[in-house]
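Take a moment with the model below. We will visit its metal site, then its pockets.

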Amino acid sequence: MSNLCINCSTEMEEHGNVGYSITNGVCLQCVESIFGKHNSELTTFLDNLEAPILLMQSDPRQVKTANKQACELFKKELSQIEGHRGGQVFDCVYAFTKDGCGKDVNCEDCKIKNAVVETFTSGKSSDGASTVLDIKNNDSTIPYKLRVSTEKVGELALIRIDQYEKKD
Ligand SMILES: [Zn+2]
């Protein structure tokens with residue numbers, strides 16, 4: 001059975017990328033080379049992942065870039081996503097407080113934040129961390145179900161949005 005990297009087509013056994021939920025099928029060498037820089041190769045790679053993806057940096061913890069599916073999902077331009085915190089991208093009400101996303105007292109137990117922090121500190125991927133966020137919508141707030149998967153890539157982390165929709 002062949003097990004070729006979907007990006008460079010080399011045999012994966014030599015430098016396999018096993019057990020990763022987001023870059024599954026891409027060899028470690030490609031992951032390292034793609035995420036080592038911010039160029040059109042990275043953009044193409046993220047867009048080809050099909051699901052909405054945020055690429056996060058750890059310090060300060062904010063979005064480095066996102067793919068076009070994420071821009072469509074959150075109805076934002078890339079400039080409204082890059083350099084912003086996750087909660088700002090999701091329009092979480094606590095991203096609009098004085099302390100802001102991740103620092104507000106209400107963020108202490110945020111499962112999304114904790115999954116991202118855990119991925120940065122331990123390198124472990126998470127598969128389907130979920131929570132309900134209060135999303136700011138003009139003057140009202142609407143509960144949204146948010147579920148994400150995370151994966152560390154070099155110094156960065158990928159956040160795949162598995163669900164972002166109004167709670168019933
Ligand atoms: Zn490869």
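This is a predicted model. Start at the zinc ion, whose site is tetrahedral, with angles of 102 to 118° among its 4 donor atoms. What are the protein donors of the zinc ion? They are Cys5, Cys8, Cys27 and Cys30, each through its SG atom. These donors lie 2.2 to 2.3 Å from the zinc ion.

Now follow the donors along the sequence. Their spacing reads C-x2-C-x18-C-x2-C. Cysteine 5 and cysteine 27 both sit in the segment before helix H1 (28-35), so this pair ties together parts that are 22 residues apart in sequence. Are these two cysteines buried or exposed? Cysteine 5 is buried, and cysteine 27 is buried too.

The largest pocket holds about 380 Å³. Its lining is made of 25 residues. Nearest its centre lie Cys101, Cys110, Ile112, Lys113 and Leu133. Four elements each supply at least two lining residues: strand E1 (53-58), helix H4 (86-90), helix H5 (111-122) and strand E3 (126-137). By class, this lining has 14 nonpolar, 5 polar and 6 charged residues.

Move on to the second largest pocket, with about 190 Å³ of space. Among the residues that line it are Leu73, Phe74, Val89, Ile135, Tyr144 and Tyr164. Helix H3 (68-74) and E3 each give two or more residues to this lining. Which element gives the most? E3 does, with 3 residues. By class, the lining of the second largest pocket has 6 nonpolar, 1 polar and 4 charged residues.

How values were computed
Residues numbered from 1 in each chain as written. Predicted model: local features only at pLDDT ≥ 70, side-chain atom pairs only at ≥ 80, totals over all residues. Heavy atoms only, no water. Donors = N, O, S within 2.8 Å, 3.2 Å for Na, K, Ca; no water. Tetrahedral: all angles 85-135°; square planar, octahedral: opposite > 155°, others 65-115°. Buried < 20%, exposed > 50% of the residue type's maximum accessible area, 1.4 Å probe, protein only. 1 Å grid on protein atoms, 1.4 Å probe; cavity = no way out; pocket = protein on both sides within 12 Å on 5 of 7 lines; lining within 4 Å. Points joined across faces, edges and corners; volume = space filled by probe spheres on them. Nonpolar A, V, L, I, M, F, W, Y, C, P; charged D, E, K, R; others polar.
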